[in-house]
Amino acid sequence: MARILGGIASSHTPTLGFALDQNKQNDPAWAPIFADYAPVQKWLMEKQPDVLLMIFNDHVTSFFFDHYSAFTLGIGESYAVADEGGGVRALPPIQGHPGLSHHIALGLVADEFDMSFFQDKPLDHGCFSPLSLLWPHEPQWPGAIIPLVVGVLQFPIPSAKRCYKLGQSLRKAIESYPEDLKVVVVGTGGLSHQIHGERAGFNNPEWDAKFLGLIEKDPQRLTEITHAEYAKLGGMESSEVIMWLIMRGALSSNVKKIHQSYYLPSMCGIATVIYENEASDPLPERNQEYVERMNAQLKGIEELQGTYPYTHARSVKAYRLNKFLHDLIHPAHRAAFKADPEAAFEAAGLTGEERELVRSRNWRGMIHYGVIFFMLEKFGAVVGVSNLHIYAAMRGETLQEFQKSRNTKALYSVAGKEGTANLAWDKK
Ligand code: FE2
């Protein structure tokens, strides 16, 4: 079974990555940062975790306000470094762990956390700034991460209590995963800082010290604090410390603190802490019951013939092909595909199997492969095939055979102005 070895808390200020990239190890202003992270690096080297569950917020880099979510879990196979305006840091991409991610997703949703999920999005300094100081990464990272992105920038945001409860669910989900994995939960953010408005530059080291004591000994107390109170005590942007409560909720009620540091060089109180689980508290429900509850909603679905629920496993496996077909909503991609399909396949990096599925309009084959129906409907609109033709093909029937099972012979498509110009099937 997977095991949580402990938790790490860390600030995620871009200062950390900057100091590392600019080789500031011997600069007196920056040296304390490296000294503070050395024990954490050593602990990770000794414990050799397979997966770091990284809890952080994106800084409006990969997640913009066109769609902003509270809790967003990464389910992908790997994560690249985001360009935040000045080019990408020289760090390799890091592996994900889709199997554990999917399991955590099932567990959290079963506990009524209605999560968002993502893949194929680069991660910004919220993740890679601390990560680059925690783990060596040349030529590659020693393990995988699962990103948990928390929307803390656009209010309303989750309460401190909700974050703590999410952590408690996270623990159950991780510790019920059947593979022998060593997991460390990393909560990032803070400590005190404010970086906007006339109050920019606000810090409160006394509050930071108190917060460090409470999160270790009395995290429940921290769950009662409102965002306004966090802002008053530590500065508006320090409200992100609620993400530490997710990490703390995933640990045992008593923890052993084996390292703590605090340094305030400029704008943000930079803290690092390591907690080991003191004793493994019994989980609140038996593992078998929990796993059954996790899978209850789709139990028995496999008995339905010709039915393929669109799970994370399918979404990750067929991501490239679904994306290719989804891109047909963009006029330029659509035009490029129509003008030269083979060049479009090449540009999208489709595999030979994926290209053949598209070339041969293998509607049923695409569903088997992991394409969701709504991509087929878009593809049909582009190539002049009606939805009914696709339904018939998926059943292995001719259109006429399929139409015998309908009340009318109506045909339709999602084709708009451009697509309706060549609806040959509608003109017969
Ligand atoms: Fe942040």
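Biologist: Which strands does helix α9 lie across, and at what angle does α9 run to β8?

Modeller: This is a predicted model, in which local features need pLDDT of at least 70 and side-chain atom pairs count only at pLDDT 80 or more, while totals for chains, interfaces and linings use all residues. Residues are numbered from 1 along each chain as its sequence is written. Helices (H or I, at least four residues) and strands (E, at least two) are DSSP runs, numbered from the N terminus. Helix α9, residues 242-249, lies across β1, β2, β7 and β8, and its angle to β8 is about 160°.

Biologist: How is that angle defined, and what angle does helix α4 make with β2?

Modeller: Axes are lines fitted to C-alpha atoms, for helices over the stretch in contact, and angles run from 0 to 180 degrees between N-to-C directions. Two residues are in contact if their C-beta atoms, placed from the backbone, lie within 7 Å. Helix α4 (residues 125-134) packs on the sheet and touches β1, β2, β7 and β8. Its direction makes an angle with that of β2 of about 130°.

Biologist: How many residues of α4 are buried, and what covers them?

Modeller: A residue is buried if 20 or more other C-beta atoms lie within 10 Å of its own, exposed if 12 or fewer, and partly exposed in between. By that count, 10 of the 10 residues of α4 are buried, including Phe128 and Leu131. The cover includes β1, α1 (14-21), α2 (31-47), β2, β7 and β8.

Biologist: In what order do the strands of the open sheet stand, and which strands are at the edges?

Modeller: Two strands pair if DSSP finds at least two bridges between them. The open sheet has 8 strands with mixed pairing, in the order β6-β3-β7-β2-β8-β1-β10-β9. From one strand to the next the twist averages 20°. One side of each edge strand has no neighbour in the sheet because each has a single partner strand, and these edge strands are β6 (116-118) and β9 (255-263).

Biologist: Which residues does Leu148 contact, leaving aside its neighbours within four places in sequence?

Modeller: In soluble globular proteins, nonpolar side chains tend to be buried together. With those neighbours left aside, Leu148 is in contact with Leu53, Met54, Ile55, Phe71 and Leu73.

Biologist: Is Glu216 buried or partly exposed, and which residues does Glu216 contact beyond its neighbours within four places in sequence?

Modeller: Glu216 lies in helix α6 (residues 205-217). It has 18 C-beta neighbours inside 10 Å, so Glu216 counts as partly exposed. The C-alpha atoms of Glu216 and Val255 are separated by 6.9 Å, though these residues are 39 apart along the chain. Beyond those sequence neighbours, the contacts of Glu216 are Val255 and Lys257.

Biologist: Where is Pro139 found, and which peptide bond there is cis?

Modeller: Pro139 is in the loop between α4 and β7. With omega near 0°, the cis bond runs from Glu138 to Pro139.

Biologist: What separation is there between the centres of domain 1 and domain 2?

Modeller: Domain bounds come from an automatic or database domain assignment. That assignment gives domain 1 as 3-298 and domain 2 as 318-427. Taken over C-alpha atoms, the separation of their centres is 41 Å.
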